[in-house]
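Here is a briefing on a structure with two parts to compare. Read the opening definition, then work through the topics in turn.

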Amino acid sequence: MATFKINGIEQNLDVEPDMPLLWAIRDELGMTGTKFGCGIASCGACTVHVNGSAVRSCVTPVSAIEGQEITTIEGLASVAAGANPSAPDLSAVQQAWIDHQVPQCGYCQSGMIMAVSSFLATNPNPTDAEIDAGITNVCRCGSYTRVRKAIRSLAIA
Amino acid sequence: MKINRRKFLLSSAIVGGGVLIAYSATRPSKHRQANDELVEGTERYVTSYLRIDPNNEVTVYVPHSEMGQGIHTSLSMMAADELDADWELVNIEQAPAIDLFANSDMITGFAGEFGVPDFLMGLVAVSATTIAQIGNLQTTGGSASIRYTGEAAMRTSGAAAREMLIECAARHWGVPATECTTALSHVHHNASGRSFAYGDLANDAALLEPPENPVLKTPDQFTLMGKPMSRNDIPFKVDGSAQYGLDYHTEDMLYAAIKLAPVFGTKVVSVDGREALVRRGVKRVIELEDSVAVVADSYWRAKEALKLVKVEFEPSENDNVSSADIFAGFDASLADNNGSKDFEQGDAEASFEAADDVIEGNYRVPYLAHAPMEPMNCTVHIQGDKADLWTSTQDPLSMRGRVASIAGLSEEDVTYHFSYLGGGFGRRLPFNWNVIDHATLIAKEFDVPVKTVLSREDDMQQDYYRPAVGSNFKAAFDASGNVLAWHNRYTGPVQTPGAAHIPYAIENQSIRTVDGDTHVPIAAWRSVDHSQQTFFTESFVDEVAHRSGKNPYQFRMDLLQAHPRHRKVLEVAAEAAGYGRNLPEGHALGIAVAESFGSIAAEIAEVSIGADNKPIVHKVTCAIDCGWTVNPDAAAAQVESGIIFGLTASMYGEITIENGRVAQNNFPDYEMVRLATSPDIEVHFVESGEKLGGLGEPATPPIAAAVSNAIYILTGQRIRELPIKNHDFSEGTPIAQV
C-alpha cells in the first residue's frame with residue numbers, strides 16, 4: 001500500500017512499491033496533466049513537486065514518497081493560493097506562460113511550469129546562467145526563448 | 001459530436017481555376033497525372049466551417065490538427081474576420097473526422113505548387129488511388145493550413161456567410177443589400193438605423209444558396225487578421241487540462257507495451273511469454289506478425305512484464321548493415337552513376353573542361369528521428385461493429401480509415417475522438433502506421449479500450465526517419481574567380497521536388513539524383529528535403545563565395561538579382577544582425593537563405609567556439625517573407641520553433657544504423673537543444689504582401705548552413721557532415737575575412 005497526499009488529498013494505492021510515481025498518478029489516479037516523455041528522467045515532462053521541490057516522477061518509486069505531499073500541475077495554483085479564496089485560478093508562473101504565449105504543442109509545459117515554479121521559489125531572481133543550470137527540461141517545439149522571457153518577467157516582478 | 005447540418009451555413013469554397021493548373025515540365029509524370037485527375041475531379045466537398053447559433057455565438061470548425069502552431073486560433077481568425085464576427089462571441093472547435101470536413105482545399109492548393117503534397121506521394125505512387133480518396137483526408141502538414149485551407153476555405157466560408165446574412169437582412173427590410181453593412185456579428189442598415197444580430201438571421205440564411213464568388217476583404221478592411229491574438233489552446237496547456245492522445249483514461253481500460261522487430265521488416269519466429277503472464281496485472285501476451293505485445297492493467301506493468309518475454313525474430317539480409325555501409329553505398333552510387341535529371345541549364349560539362357579552377361565538396365547527413373515529446377500511442381475500443389479511436393494525429397480521417405480497414409469495419413462505424421498533439425513534425429502523418437496498426441490488432445482481442453504505447457526507446461528505434469543523404473558538389477571558376485558552373489549529384493529519394501535547386505544566377509548547372517534507397521523506413525520530417533538540401537547548397541554556395549574572394553553576403557546579393565524577395569530578406573536580416581559590425585572577440589556571423597513552402601527565410605547565426613572547443617550559437621536573426629502574417633505572435637513562435645528544431649538537428653541529430661537496427665535509445669544519445677544551448681532569436685517579418693506562404697517549416701532549413709558557415713570563418717574548417725558535435729575544433733584557426 002502506498003500512501004501519500006496529492007494536491008492536498010490523501011491517497012492510498014494498492015500498488016507495487018517500485019511503481020514509478022508517474023504511473024501511479026496517470027494510470028492509477030487518472031490524473032493526466034503530468035506527462036510521460038522519456039521514462040529516464042532526461043526530459044522533465046513528468047516533473048511534479050514533492051514537498052515543494054521539483055522531482056522527475058518517472059524514476060521516483062512510490063516507496064520513496066511514502067507519506068509525503070505531492071503537487072501536480074492540476075494543484076499548482078491551489079497550493080500556491082493556500083487558504084486564500086480570492087486567489088486567481090492560475091499561479092503567477094502559469095499566468096506568465098499565458099502572457100508570453102509560451103506553449104506550442106504544450107506537452108512538455110506541465111513539467112516546465114512545475115520545474116520553473118520550484119526553481120523560482122528557491123531562487124526568485126536568477127541570473128541567465130542559473131536559469132540555464134536550473135531548468136533542463138526538453139521542449140521539442142523550442143519554446144526556450146519564451147520560457148526565458150517568462151522567467152525573467154517573474155524575476156523582475 | 002452530434003452535428004445538426006441544417007444549422008450550418010453551407011458554403012462551397014471556391015478557388016480560381018488558375019490556381020490549379022500550373023505544372024512544371026520537370027516534375028515526374030506521375031505528379032502531373034495526379035494533378036490532371038485532381039483538376040478533372042472537381043467534385044467539391046461541402047466546406048461547412050461555420051455555425052451561428054440564436055444566441056449570436058459563432059462556432060468555427062477547424063479542419064486541422066493543433067500540434068503547436070496555434071492553427072485553431074489563426075484559421076478561426078480568418079473565418080471570423082471575413083464574417084465580421086465579434087471575436088468575443090467566437091467558439092473554436094476541431095472539425096470532426098467525417099467526410100464533410102475532408103480537406104480537399106489543401107490538396108488543390110498543393111496542386112498549384114507541385115502536385116500532390118510530398119507526404120501524400122506514397123498514396124499516389126501506389127495508385128489505383130482515386131481523387132476522392134486523396135481528397136478524403138484531413139491532413140495537417142506541408143506548412144499548408146493557413147495558405148491553402150485558410151485562404152481557400154476559411155476566408156471564403158466567412159465571406160460567403162456574411163453575404164448570405166446581409167441578403168437575409170436586406171430582404172427583411174426591403175432595402176438593397178448594398179445599403180447594408182456588417183460589424184461585430186450584426187448587420188446594420190445605417191440609413192434607417194436598424195440592425196439584426198447574426199443569430200437572428202442564421203436560420204433564414206442557411207436556406208440560401210451560398211454565393212459562388214464571395215468577395216474577400218482587402219487588408220485595410222481586416223479587423224482580426226494581422227493582429228496578435230492570444231491562442232485559444234494555451235490556457236488548457238498551462239493548467240494541465242489539455243487532453244493529448246496519451247491522456248485518454250477510463251477505469252476499465254487496458255494498456256499494451258510492445259516490442260517491434262528491431263531490424264526493420266523482419267518477422268517474429270517464436271515467443272515465450274510464460275514469465276510475463278504470471279506478473280501482477282498482466283492479461284495477455286499477444287504475438288503479432290512483426291512484434292509481441294503485453295497487455296496489462298497499467299502501462300508500467302505491461303512494460304515491466306514485456307522485459308520478461310522471450311522473443312526471437314527471423315534473420316534478415318540486413319542484420320549486418322551499418323551506417324558506414326549505407327554511406328559507402330551512397331558514395332558508390334554517386335561515383336558510378338550520373339543519375340537522373342533534376343535540373344540542367346547551360347553546359348556544365350563544357351564549363352568544367354574549360355575552367356581555370358574547380359573546387360569540390362562532398363556532403364552527407366544522417367538519418368533523423370522526429371522524437372515528438374508525446375510518445376506514439378493509440379487507444380482503440382472495439383464493440384461489435386463499432387469502434388472508437390483516440391490518437392494524436394496529423395490526419396484524423398485517414399487514421400479512422402486505417403483502423404476501420406484493419407478492424408474490418410466501415411469507416412462510418414469508427415469514431416475518432418479529438419485530442420491535441422504532443423508534437424507532430426511529420427511523425428503523425430498517414431503511412432507512418434506502426435502504432436495505429438498494432439493498437440487496432442491488439443484491441444480486437446478485448447471488449448474494453450486498449451491503449452498501446454511506444455516507449456521513448458521504441459519510438460526512437462521504430463520511427464520513419466528523415467532520410468540520410470549524400471550530396472557531391474563541384475564548382476568551376478574562370479581565371480578571375482567568377483563561378484562558371486554548378487554540379488550536384490545527390491542521393492534520393494526526392495520527397496520534395498525542387499529542394500536541391502538554387503536561386504543563384506550561375507549560368508551552367510547540372511543537378512542530378514541517384515538512388516539512395518535502403519531498408520530504413522523514411523518519411524517527411526519537418527521541412528522534408530529542404531532541411532538536408534539547404535544545408536548542402538547554402539554551405540557549398542558559401543564555399544564558392546569564399547573561393548571567389550567575395551564576402552558571402554555580397555556574393556549572394558550579386559547572384560540574386562532576379563530574386564528581389566530573397567535579396568530583401570537578406571538585407572533585413574543583415575541590417576538587424578549588424579552584419580559587418582565589429583563583433584566580440586572570437587565571434588563570427590554565418591549566413592544562409594532559402595525558399596520553401598512558399599516563404600523565403602534568411603538566417604544569420606552569431607557563433608563562437610567555447611573554452612571546451614564546442615561551438616556556441618549566441619543569436620539567430622531571421623528575416624522571413626511569408627507574404628503577410630495572420631496572427632503575428634503565433635507566426636513568430638513558429639519561426640522560433642523551426643530554428644530550434646533545425647539547430648537540434650545541426651548540432652546533435654544523428655540516428656545511426658548498427659547491425660541493421662537503430663543504435664540510439666532515448667534523449668541522452670539523441671540530444672536536444674535545451675535552455676542552456678538555446679540562442680537568442682530575433683524574428684523580422686518582411687511583409688511583401690505577396691500571397692501567403694507557409695510558416696511551420698520554412699525557418700528550419702537555413703540554420704544548419706548559417707551555423708556551419710560561421711564555424712568556417714572561426715576555424716577554417718568546413719562542416720560537410722552533420723551533426724556538428726562530431727567535429728573537433730581544438731586546432732582550427734580563423735580565416736582572413738573579406
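Predicted model: local features only at pLDDT ≥ 70, side-chain atom pairs only at ≥ 80, totals over all residues.

A residue is buried if 20 or more other C-beta atoms lie within 10 Å of its own, and exposed if 12 or fewer do. By this rule, Tyr299(B), Trp300(B), Arg301(B), Ala302(B), Lys303(B), Glu304(B), Ala305(B) and Leu306(B) in α11(B) are buried.

**Chain B as a whole**

- Chain B holds 21 helices and 26 strands.
- Of its 738 residues, 56% count as buried.
- Among contacts in chain B between residues at least 6 apart in sequence, 77% join residues at least 24 apart.

**Where chain B meets chain A**

- The contact involves 51 residues of chain B and 46 residues of chain A.
- On the chain B side, the elements giving two or more residues are α9 (234-238), α11 (299-306), α20 (632-651) and β26 (680-685).
- Among these elements, α20(B) gives the most, with 7 residues.
- The residues on the side of chain B that touches chain A divide into 27 nonpolar, 12 polar and 12 charged.

**Helix α11 of chain B**

- α11(B) is mostly covered, as 8 of its 8 residues are buried.
- The cover over the buried residues of α11(B) includes α1 of chain A.
- From chain B, that cover includes β7 (254-260), α10 (274-277), β9 (282-288), β10 (291-296) and β17 (450-453).

**Two packed helices in chain B**

- Two packed helices are described by the angle between their axes and the distance between the axes.
- For helix α7 (residues 145-173) and helix α8 (residues 198-205) of chain B, the axes come within 9 Å and cross at roughly 95°.
- Angles of 65 to 115 degrees count as roughly perpendicular, and α7(B) and α8(B) are therefore roughly perpendicular to each other.
- α7(B) brings Met164(B), Leu165(B), Cys168(B) and Ala169(B) to the contact, where they meet Tyr198(B), Leu201(B), Asp204(B) and Ala205(B) in α8(B).
- The residues of this contact divide into 7 nonpolar, no polar and 1 charged.
- An α-helix has 3.6 residues a turn, so residues three or four places apart point the same way.

**An open sheet in chain B**

- Three strands of chain B form an open sheet in the order β1-β2-β3, and the pairing is mixed.
- β1 (50-52) and β3 (90-94) of chain B stand at the edges with a single partner strand each, so one side of each is left without a neighbour in the sheet.
- From one strand to the next, the twist averages 20°.
- β1(B) pairs with strand β2 (residues 58-62) of chain B in the antiparallel sense, over 3 bridges.
- In that pairing, Arg51(B) has Thr59(B) in β2(B) as its bridge partner.

**The two domains of chain A**

- The domain assignment divides chain A into domain 1 (2-76) and domain 2 (82-156).
- The centres of domain 1 and domain 2 of chain A, taken over C-alpha atoms, are separated by 20 Å.
- Each side supplies residues to the contact: 16 from domain 1 of chain A and 16 from domain 2 of chain A.
- On the side of domain 1 of chain A that touches domain 2 of chain A, β3 (47-50) and β4 (53-56) of chain A each supply at least two residues.
- β3(A) gives the most to that side of domain 1 of chain A, with 3 residues.
- The residues on that side of domain 1 of chain A divide into 7 nonpolar, 8 polar and 1 charged.

**A hairpin in chain A**

- Strand β1 (residues 2-6) of chain A and β2(A) run antiparallel and are joined by 5 bridges.
- Ala2(A) stands opposite Leu13(A) in β2(A).
- The two strands β1(A) and β2(A) form a hairpin with 2 residues between them, and Asn7(A) in the turn has a positive phi of about 50°.
- Of the 5 residues of β2(A), the number buried is 0, so β2(A) lies largely in the open.

**The loop residue Asp18 of chain A**

- Asp18(A) is in the loop between β2 (9-13) and α1 (21-28) of chain A.
- Is Asp18(A) buried or exposed? Asp18(A) counts as exposed because it has 11 C-beta neighbours inside 10 Å.
- Leaving aside neighbours within four places in sequence, Asp18(A) is in contact with Pro61(A) and Ser63(A).
- The C-alpha atoms of Asp18(A) and Ala64(A) are separated by 8.7 Å, and these residues are 46 apart along the chain.

Terms used:
Residues numbered from 1 in each chain as written. Chains lettered and ligands numbered in written order. Contact = placed C-beta atoms within 7 Å. Helix = DSSP H or I, 4+ residues; strand = E, 2+ residues; numbered from the N terminus. Nonpolar A, V, L, I, M, F, W, Y, C, P; charged D, E, K, R; others polar. Axes fitted to C-alpha atoms, helices over the stretch in contact; angles between N-to-C directions. Parallel < 35°, antiparallel > 145°, perpendicular 65-115°, else oblique. Domains from an automatic or database assignment. Pairing = 2+ DSSP bridges.
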